[in-house]
Amino acid sequence: MLNYKQNITEIPNYLDGYLELFQINQDDQSDCPLEYLTNLNEKIFFEEISISDKLKYELNSRNQNIYIKVRIPQYKKIGSLNAVKINKKFYKVFNAYHFVNKDGYLQSDLTLEEYPNPKFEVNNND
């Protein structure tokens, strides 16, 4: 039997702020590759979601420092080779989970870990 919803479906709200998207690249010019960020000039609004205590415990036991989890409109190009800037802090995407919510909206959950001291792409054409 089909369930018919008489109420209007809820539209997702992304009101907690926006994040700036960066690509993580590696410099292969040396024996020890250095990571640097390239700004993708994309801003995406997000909703902050809570991290369960069980997930925090499991990740801390593996020495993973997860700081924040956010939900955005689905964007499948985001993965573990991306970093984001929220306010003035940088975070590396630890995990990206893409799904369809109960109302049929495409969304992505990003689990973020701290990304200290980021280096940026140097443009030698200036």
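A residue is called buried under 20% relative accessible area, exposed over 50%, and partly exposed in between, with a 1.4 Å probe and protein chains only. By that rule Thr-38 is buried, because its relative accessible area is 18%. This is a predicted model, in which local features need pLDDT of at least 70 and side-chain atom pairs count only at pLDDT 80 or more, while totals for chains, interfaces and linings use all residues. Residues are numbered from 1 along each chain as its sequence is written, and side-chain values use heavy atoms, with hydrogens and water left out.

**Overall fold**

- Strands (E, at least two residues) are DSSP runs numbered from the N terminus, and two of them pair if DSSP finds at least two bridges between them.
- A barrel is closed by 6 strands in the order E1-E2-E3-E6-E5-E4, with antiparallel pairing.
- On average, neighbouring strands of this sheet are turned by 40° against each other, direction ignored; the axes behind this angle are lines fitted to C-alpha atoms, and angles run from 0 to 180 degrees between N-to-C directions.
- Strand E3, residues 66-73, pairs with E6 in the antiparallel sense over 7 bridges.
- Ile-72 has Ser-108 in E6 as its bridge partner.

**Nonpolar cores**

- A nonpolar core is a set of buried Ala, Val, Leu, Ile, Met, Phe, Trp, Tyr and Cys residues joined through side-chain atoms within 4.5 Å.
- The largest core has 14 residues, of which Leu-19, Val-70, Val-84, Ile-86, Leu-110 and Leu-112 touch the most other members.
- At least two residues of this core come from each of E1 (17-27), E2, E3, E4 (82-86), E5 and E6, and E3 gives the largest share, 3 residues.
- A second, separate core holds 6 residues, including Leu-37, Ala-83, Phe-90 and Tyr-115.

- Rings of Phe, Tyr and Trp (its six-membered ring) pair if their centres lie within 6.5 Å; planes under 30 degrees apart count as stacked, over 60 as edge-to-face and the rest as tilted.
- The whole structure contains 5 aromatic pairs.
- Phe-90 and Phe-120 form an edge-to-face pair, at 5.5 Å centre to centre and with 65° between the planes.
- This pair links distant parts of the chain, 30 residues apart: Phe-90 lies in strand E5 (residues 89-100), and Phe-120 in the segment after strand E6 (106-114).
- Phe-90 is buried at 12% relative accessible area, whereas Phe-120 counts as partly exposed at 41%.
- Ring pairs join Phe-22, Phe-90 and Phe-120 into a cluster.

**Thr-38 and Asn-39 in strand E2**

- Thr-38 lies in strand E2, residues 34-49, and Asn-39 is placed in strand E2.
- A polar contact is a pair of N or O atoms within 3.5 Å; within protein, one must be able to donate a hydrogen and the other to accept it, and residues adjacent in sequence count only if both atoms are side-chain atoms.
- The side chains of Thr-38 and Asn-25 are joined by a polar contact of 2.6 Å.
- Not counting residues up to four places away in sequence, Thr-38 touches Phe-22, Gln-23, Asn-25 and Glu-121.
- Asn-39 counts as partly exposed, because its relative accessibility is 34%.
- The side chain of Asn-39 reaches the backbone nitrogen of Asn-41 at 2.7 Å.

Terms used: Helix = DSSP H or I, 4+ residues; strand = E, 2+ residues; numbered from the N terminus. Contact = heavy atoms within 4.5 Å.
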